[in-house]
Amino acid sequence: MSKTIVITSGKGGVGKTTSAINLGAAINHFGGDVIIIDGNLSTPNIGIHLGAPEVPITLNQVLSKKEDLFEAVYEHESGLKIIPSSLSIKELKKTKPEEIKNFKKEFENLAEYVIIDCAAGLGNEALSTIEMADELIIITNPEMPAITDALKTIKIAEELKKPVMGTIITRVRKNNSEMKPETVKEMLEVPILGMIPEDEDIQKSLNKKDAIIHTHPKSKSARAYKEIAAKITGVEYNSDKDKETLMEKIYKKLGIKK
Ligand SMILES: Nc1ncnc2c1ncn2[C@@H]1O[C@H](COP(=O)(O)OP(=O)(O)OP(=O)(O)O)[C@@H](O)[C@H]1O
Ligand SMILES: [Mg+2]
């Protein structure tokens, strides 16, 4: 049976797209059949992150019923499937974001895990994807403005009777000025699925146009995403055993590829 997981936040720029891609890649790494859908139609990023910025057929044409859904599915070399949205403003103007709700069943026929990257805010576009969720994952940073918006999103989810799987706290620096995970948990009253550290390798993976799970599989953030994916899929995973060995670190410093 397929499950639709919507990655949302409230506040923009907190790490939704990064999390959608890397959770999807990590679930795929553990053998799950995954499709990532760019539900952020106004400012789509999935194609950019995964090296498919300009594709001939996008979710936009599917929503406006000009193309069949299958034509908009692209397969990454890892086996991860994606449906990018169009970068064109002209296409965006022709698209009705609320149409996405009508495709839930069709998306679920494409993979076991349907992961939808959501637009920021709580406007029509974000709400249309939230309404499709079997479960929601709320992304936040350990800072008050992000947490306040996350709380608002959780309240809306409650009103819509959409279960919240939990929150992922991203860009964690572990300094004194950021909020502690216990405080975040107390405020949001949902489980913390995991914490993703601030990691410069994330930017490097973006430059390489691929998930950090693929470009830096042993980095601290890749292992953190794998831990969450393991929980979701019920796979056993020990992130300590997945660390870089001393020799691997030395090879990397010397720029030697094994
Ligand atoms: N753990 C991390 N460490 C360092 N940089 C990160 C981390 N997570 C995300 N980023 C960076 O933060 C920026 C915002 O991330 P992302 O695009 O995933 O956020 P978003 O919530 O999808 O934004 P939007 O609301 O605009 O769609 C990106 O430049 C991304 O590379
Ligand atoms: Mg995004």
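Trainee: Is Gly-51 buried, partly exposed or exposed?

Mentor: Buried means under 20% relative accessible area, exposed over 50%, and partly exposed in between (1.4 Å probe, protein chains only). Gly-51 has a relative accessibility of 42% and therefore counts as partly exposed. This is a predicted model, in which local features need pLDDT of at least 70, side-chain atom pairs count only at pLDDT 80 or more, and totals for chains, interfaces and linings use all residues. Residues are numbered from 1 along each chain as written, chains are lettered from A and ligands numbered from 1 in the order written, and side-chain values use heavy atoms, without hydrogens and water.

Trainee: Where is the place of Gly-51?

Mentor: Gly-51 belongs to the loop between helix H2 (46-49) and helix H3 (59-63); helices are DSSP runs (H or I, at least four residues). Its C-alpha atom is separated by 9.1 Å from that of Leu-206, 155 residues apart along the chain.

Trainee: Which residues come nearest to ligand 1?

Mentor: A residue is near a molecule if one of its heavy atoms lies within 4 Å of it. Of the 17 residues around ligand 1, Gly-13, Lys-16, Thr-17, Thr-18 and Arg-171 come nearest.

Trainee: How far is an oxygen atom of ligand 1 from a polar side-chain atom of Lys-16?

Mentor: A polar contact is a pair of N or O atoms within 3.5 Å. For Lys-16 the distance is 2.8 Å; for an N or O atom in the side chain of Arg-171, 2.9 Å.

Methods: A polar contact is a pair of N or O atoms within 3.5 Å; within protein, one must be able to donate a hydrogen and the other to accept it, and residues adjacent in sequence count only if both atoms are side-chain atoms. Helices (H or I, at least four residues) and strands (E, at least two) are DSSP runs, numbered from the N terminus.
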